[in-house]
Amino acid sequence: MMCPLLLRLPIDTLELIAEWLDDRPDLLSLALTCSTWKNIIIPRHLEYREISLLVDHIWIWRHLAERPSLASNVRKLVISDSEHYPSSIPSPTPGIRCQIPRTLVHISPDNPLPFWQRPNYPLVALKNMRLLKTIEFDNISRWCQGSPDTFSLFLAHIPSVEYLVLRSSRSSGAEPDPIENAQLAWDFTNLKSAVLTGLPWEMKYLRPFRACLLSSSALQVLHLPHFVGYSTDIASILDECRFPSLVEVNLGWGWTFNTYPYAQRFLEVHPTIENLTWSYAYNVTLHEGSLPRLKHLSVSHLSFVRALSTAREPEMLCLETLGDLFLFSRDLPGDLKGIDGTTVRKLSIKFCDSLATLRSVAAFFPSVTHLSIHGNVYIRPKSRWSRAFRKVVHRVFPRRIANRLSPISPRIEDVLPLFPELEDFSGSSFPYGIAGSSLQDIRARFPKLRRLEPFDL
């Protein structure tokens, strides 16, 4: 039972106590202790901790801009793309990614101007969110108007944020500014996670992004964006970055032979990395002892795996996750000889040239419990799409590899017997599907299998 003396404190003091609780389960537990806490927490804190809204929900921005005491209770803000969802949603609707407080009163917008020309309700509301910890933008192109644009103004006024997720995508409602205007610096001293993904970013954000990296010494998760016209000037930003606590890195795409050395040096000076994703890691060399704590690796070409195992010699490379591989029979077993196959539990394959190669992979990784195979990438060799696919492979891989491409469509019955320890087979694509009558047979033959997308066994 709640102490009566505590409830005699002023309401403002009780509000400050509730502010210290960021997690919704903790708030709910406190609200269930007595009616006093319930009347304070549920309408003012519990429903405002996480808000997910659309870009054009101007009435919600106005509500938060005019009520600083409520906006200060927001800890996580998710801004979705209004091009895919209607803009006049007064309350949460099934199928719509919106999470709006039920106590919020709908105010019809009185300004028909485009979003970026309306009153600065979003900016004022964000300034009121003084304890904001997580912010996600689903489509930053909607905010890239003006000088400086609303997007830069937002990021310049949230120094307390710890988790930042930004997704760049095309927008039909706003054209990118062709002039590289000066943008405000992004200074995040408390930033722990920065995930910047999507289509190529505009060059005007290069300097703010550099300032963001230099000010975020406590960064633990970093997903690099891809800038338009990727060059050595952009890649050189990594030479100035040092993150003592960095654990997860996604180097993105767009790397070339001229920019590989910058990524290589960045990896070598960050021995704390445990999770690495690099889609275009090809023909890279690493110094001895690089990435000693690496446990989860996602690369497309096995040449990086070979370089990493060479840097670990005479020790074996022990990984728990190995993903997004393009597997060709000529690469086996040469590129895998430095890996301890018994330690790999999760395996993801994007391309496999034959079922025989898949058998070799299964024999080398006998302890795999989670497997993902994207079989839908195989296309008929006489189609025009197949010729385009061959051109892509010709550029990424040696020519003699592309000549060996053959269409295969693996069946579940061909794959499951190869991995006796398999528990999860979700995330895979099979053109022939799964017959409902065969599920019972699969359960009987493979008792360890728990997940076969889209079925739970």
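Reader: Why is Thr-272 called buried?
Author: This is a predicted model. Thr-272 has a relative accessible area of 15%. Buried means under 20%, so Thr-272 counts as buried.

Reader: Where does Thr-272 lie, and what does its side chain reach?
Author: Thr-272 sits in the loop between α11 and β8. Its side chain reaches the backbone oxygen of Leu-246 at 2.5 Å. The cut-off for a polar contact is 3.5 Å. Beyond its neighbours within four places in sequence, Thr-272 is in contact with residues including Phe-243, Val-247 and Arg-293.

Reader: What makes Phe-243 and Phe-266 an edge-to-face pair?
Author: Six aromatic pairs are counted. In this one, the planes of Phe-243 and Phe-266 are 70° apart. Edge-to-face requires over 60, so the pair of Phe-243 and Phe-266 qualifies. Phe-243 is in the loop between α10 and β7, and Phe-266 in helix α11, 23 residues apart.

Reader: How do you know whether Phe-257 and Tyr-260 are buried or exposed?
Author: Phe-257 and Tyr-260 also form an edge-to-face pair, 5.5 Å centre to centre. Phe-257 has a relative accessible area of 53%. Exposed means over 50%, so Phe-257 is exposed. Tyr-260, at 8%, falls under the 20% limit, so Tyr-260 is buried.

Reader: Why is helix α12 described as largely enclosed?
Author: Nine of its 11 residues are buried, so the rest of the structure largely encloses α12. Among those buried are Leu-302, Phe-304 and Arg-312. The buried residues of α12 pack against α11, β8, β9 and β10.

Definitions and conventions. Residues are numbered from 1 along each chain as its sequence is written. This is a predicted model: local features need pLDDT of at least 70, side-chain atom pairs count only at pLDDT 80 or more; totals for chains, interfaces and linings use all residues. Side-chain values use heavy atoms; hydrogens and water are left out. Buried means under 20% relative accessible area, exposed over 50%, partly exposed in between (1.4 Å probe, protein chains only). Helices (H or I, at least four residues) and strands (E, at least two) are DSSP runs, numbered from the N terminus. Contact means heavy atoms within 4.5 Å. A polar contact is a pair of N or O atoms within 3.5 Å; within protein, one must be able to donate a hydrogen and the other to accept it, and residues adjacent in sequence count only if both atoms are side-chain atoms. Rings of Phe, Tyr and Trp (its six-membered ring) pair if their centres lie within 6.5 Å; planes under 30 degrees apart count as stacked, over 60 as edge-to-face and the rest as tilted.
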